[in-house]
Amino acid sequence: MQTTIRSAVSFQGVGLHSGRAARLTIRPASAEHGIWFKRTDILLGDALVPARWDAVEVSPLCTRIRNRAGATISTIEHVMAALAGCGIHNALVEIDGPEVPILDGSSAPFVRAILARGTRTLRAPVRAIEILAPVHVQTARGWARLSPARPGQGLTMDFHIAFDDAAIGEQDKSLNLANGSFVRELCDSRTFCRQADVDAMQANGLALGGTYENAVVVDGDKVLSPGGLRHADEAVRHKMLDALGDLYTAGMPILGHYEGHKAGHAMTNMLLAALFAAPDAWRVVECDAVCAATLPGAGVEIDEIPAVA
Ligand SMILES: [Zn+2]
């Protein structure tokens with residue numbers, strides 16, 4: 001059955017790119033509501049923005065949503081990953097500023113709070129998007145693909161990244177997102193960037209809230225953030241976290257196999273646009289108990305959040 005969070009929970013912090021402080025509150029919502037954001041600082045006009053692929057606008061380095069009245073919320077991907085990974089199907093996410101707080105750069109603070117509140121079961125079956133035929137998008141940078149689910153599995157992922165900096169280098173990871181693996185293996189992995197890019201980003205008004213505490217900063221073979229990495233392959237884990245959050249803008253869980261090769265936010269959004277432009281490539285199915293047990297939110301446990309986060 002569909003779920004929502006049992007009671008509201010709030011977070012306070014600065015946005016990674018804007019540097020602006022904001023308070024974000026995840027509130028319970030009814031069945032069939034889906035995930036919506038609301039700008040509580042916008043008093044005139046429509047402040048509600050759906051966390052949906054067709055409300056995503058192209059923006060560098062983060063996922064930003066916009067409604068027709070022009071209200072935007074930036075950097076929704078880590079809280080979206082937490083909602084997807086914890087199996088929350090319906091929520092109203094209120095925020096009093098333009099960007100989601102970056103917190104520690106991962107999804108772990110959101111996951112810990114959501115799991116501590118618990119979920120409430122609603123009287124409506126979970127629906128999911130079943131991938132029926134492969135959909136592929138490619139740019140000069142890389143590619144992304146959705147294919148039909150492997151037998152008996154829900155959402156599985158293969159991700160590959162390659163960076164010149166030896167501290168990241170080439171990393172591959174494959175994961176079945178069922179049985180709480182998001183909480184155990186992905187949720188604490190932090191956003192990352194190269195020191196060489198920090199100055200350029202800040203000159204362009206980005207990463208103004210970035211610190212060595214809320215992002216892993218690398219320079220060549222060195223990790224500049226104190227404490228080093230949480231996982232040797234933290235970077236590819238974070239890319240998978242981002243992909244889970246961005247895929248959740250499909251509006252429901254996806255039953256399929258996702259592959260990302262140097263993919264990022266924009267490419268995942270292109271992939272969803274290509275999917276929904278191909279009516280023969282997908283269908284909406286109601287999940288029975290067997291199907292529901294394969295979804296990312298099944299079997300998550302708060303004590304499985306890695307202790308480092
Ligand atoms: Zn991210």
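In this predicted model, His 78 is buried, with 30 other C-beta atoms within 10 Å, and its place is in helix α1, which covers residues 77–85. Leaving aside neighbours within four places in sequence, His 78 is in contact with Ser 106, Ser 107, Phe 110 and Gly 245.

His 78 also belongs to a recorded feature: an unreviewed UniProt entry places a "binding site" at His 78, His 238 and Asp 242. These residues span 165 residues in sequence, yet no two of their C-alpha atoms are more than 9.4 Å apart, so they gather at one spot.

His 238, another residue of that recorded site, lies in helix α5, residues 234–247. When residues up to four places away in sequence are not counted, His 238 touches Ser 189, Arg 190, Thr 191 and Phe 192. The surroundings of the two histidines are set out below.

Turning to the strands, three of them form an open sheet in the order β6-β7-β8, and the pairing is antiparallel. Strands β6 (56–57) and β8 (72–73) stand at the edges, each with a single partner strand, so one side of each is left without a neighbour in the sheet. Strand β7, made of residues 64–66, is joined to β8 by two bridges, and these two strands run antiparallel. Across this pairing, Arg 66 stands opposite Thr 72 in β8. In general, strands of a sheet pair through backbone hydrogen bonds, either parallel or antiparallel.

Terms used: Residues are numbered from 1 along each chain as its sequence is written. This is a predicted model: local features need pLDDT of at least 70, side-chain atom pairs count only at pLDDT 80 or more; totals for chains, interfaces and linings use all residues. UniProt positions are given in the numbering used here, feature names are shortened, and annotations may be inferred rather than shown by experiment. Helices (H or I, at least four residues) and strands (E, at least two) are DSSP runs, numbered from the N terminus. A residue is buried if 20 or more other C-beta atoms lie within 10 Å of its own, exposed if 12 or fewer, and partly exposed in between; C-beta atoms are placed from the backbone. Two residues are in contact if their C-beta atoms, placed from the backbone, lie within 7 Å. Two strands pair if DSSP finds at least two bridges between them.
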